[in-house]
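Here is a colleague's note to read beside the model.

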Amino acid sequence: MTYESKDKTQSGNTPNRRNFLKKTAIAGGAAIVGAPFIGNAEAAKGKTWKVQSTWDAGTTGYALFEAWCNGFKEASGGELSITPFGAKAVAADNNALFESVRTGVLDGMNPFTLYWAGKMPASVFLSSYPVGPDQPAQWDTMFYGLGLLELTRKIYAKFGLVYVGPIQHDANIIHSKKPVQSVADFQGLKLRVPGGMVSEVFQAFGASTVSLPGSDIFPALEKGTIDAADYVGPAVNWDLGFAQVTKYILFGPPGLMSVYQPVDLMDLTVNMRAWKGLSPQMQKLVEDRVKTYSLDHYVSIQKRNVEALKKFEEAGSVVNRMSQADLDAFRKAAIPIWFKWAKKDADATAVFKLQLDYMMNPIMGYVDAADIKGQSL
């Protein structure tokens, strides 16, 4: 890749980063101006929730989220409307987002569930983690078939929140300025990751990790503050301009986009008072729409991933894949860290125990007694 001008496109496809940010600011600003002023006549027709996503306005992910929110008024017969906000539009960072929903400044949020590791250790097990369950159907089975949803709701209730349900999204991949082809290349790498368990596994291979929100990754790569960044999949990463500041993309072994976050779940979480303000019928409608949105969100992003990866390759990006040996090394490093996080509190233990039993069941067969020898809960 060449970098003659940061504002020039590459192969005619790379989005102009500055135009993208300008559009994002306009979209976010319009949402902020319009949201707080709901007149009495309008309020009498039904409730209006303010819900902020961690998707940046202007990205593929936010377009899907916005369309879903905008469909609530018609679907509910006017009983519930949702005003969508992009990342940072109301709450400026992840901690502020959590507190804004907990205190009722916002009625809900659409975050990456992993972001709450510092507040609730169990959350590292509520989205994919290094070499854990790696297929979307496995997560849906745990949430809707094996009791994980009920367990999660009990945990969130302690914070005055209702975890409505998981939203399938994508795997996470790594974009880098220099070649990264195996776990050996993590040594000394300055890498953006989401924190928590994921950071600790990369640190075990010698990486220096930092946590940044999605909108801060491009400038950090551009300035050389970091060498590489995990974020989401090709579709959104293309929207964010990663092709302009990196040349290499790292996937897992064939058939597995990522070994460290293969099924990076989002969710819908709402303020407890806002949830209780809905009728039981409306609560059921919201739950059902989360389930259908999860499928629509996932398949839409996968389709756009295929299209976006072609654009990355046309722009000069080079795709590398980890080997099976790398996957085995990752698993060996990750398992002790699983147990470390599982022992942080009783909630984390309970969630992980449910998942470990599932992974050790012959139906999955991901883990056996030899893998966890010497580990205990």
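1. K158 is exposed, at 57% relative accessibility. Here buried means under 20% relative accessible area, exposed means over 50%, and partly exposed lies in between (1.4 Å probe, protein chains only). This is a predicted model: local features need pLDDT of at least 70, side-chain atom pairs count only at pLDDT 80 or more, and totals for chains, interfaces and linings use all residues. Residues are numbered from 1 along each chain as its sequence is written, and side-chain values use heavy atoms, with hydrogens and water left out.

2. K158 pairs with D347 in a salt bridge, N to O at 2.8 Å. A salt bridge is a side-chain nitrogen of Lys or Arg within 4 Å of a carboxyl oxygen of Asp or Glu. The pair links distant parts of the chain, 189 residues apart. K158 sits in the loop between helix 7 (148-157) and strand 4 (161-170), and D347 in helix 14 (residues 346-360). Helices (H or I, at least four residues) and strands (E, at least two) are DSSP runs, numbered from the N terminus. D347 is buried, at 18% relative accessible area.

3. How many salt bridges does the structure hold? There are 10. Side chains of opposite charge can pair when their charged atoms come close.

4. K88 and D216 form another salt bridge, with their closest N and O atoms 3.3 Å apart. K88 lies in the loop between strand 2 (80-85) and helix 5 (94-103), and D216 in the loop between strand 7 (208-210) and helix 9 (217-223), so the pair ties together parts 128 residues apart in sequence. K88 is partly exposed at 38% relative accessibility. D216 is partly exposed too, at 28%.

5. Look at the backbone of K88 as well. Its phi is positive, about 70°, although K88 is not a glycine. V131 also has a positive phi, near 50°, and is a residue other than glycine. V131 is in the loop between strand 3 (108-110) and helix 6 (136-144). Is V131 buried or exposed? At 4% relative accessibility, V131 counts as buried.

6. Within helix 14, K353 and D357 are four residues apart, which means about one helical turn separates them. They form a salt bridge, the closest N and O atoms being 2.8 Å apart. K353 is partly exposed at 40% relative accessibility, and D357 is partly exposed at 40%. Elsewhere, salt bridges that share partners join E99, R102 and K119 into one network.

7. N305 belongs to helix 12 (residues 280-314). N305 is buried, with a relative accessible area of 6%. A polar atom of the N305 side chain lies 2.9 Å from the backbone nitrogen of A235. Which residues does N305 touch, not counting those up to four places away in sequence? They are D170, G233, P234, A235 and M257. Contact means heavy atoms within 4.5 Å.

8. M257 is also one of the residues nearest the centre of the second largest pocket, along with D134, A171, P262 and Y298. This pocket has 13 lining residues. By class they are seven nonpolar, four polar and two charged. The space in the second largest pocket is about 190 Å³.

Terms used
A polar contact is a pair of N or O atoms within 3.5 Å; within protein, one must be able to donate a hydrogen and the other to accept it, and residues adjacent in sequence count only if both atoms are side-chain atoms. On a 1 Å grid over the protein atoms alone, a cavity is a set of points where a 1.4 Å probe fits but cannot get out, and a pocket is an open set with protein on both sides within 12 Å along at least five of seven lines; lining residues have an atom within 4 Å of a point. Grid points are joined across faces, edges and corners, and a volume is the space filled by probe spheres set on the points. Ala, Val, Leu, Ile, Met, Phe, Trp, Tyr, Cys and Pro count as nonpolar, Asp, Glu, Lys and Arg as charged, and the others, Gly among them, as polar.
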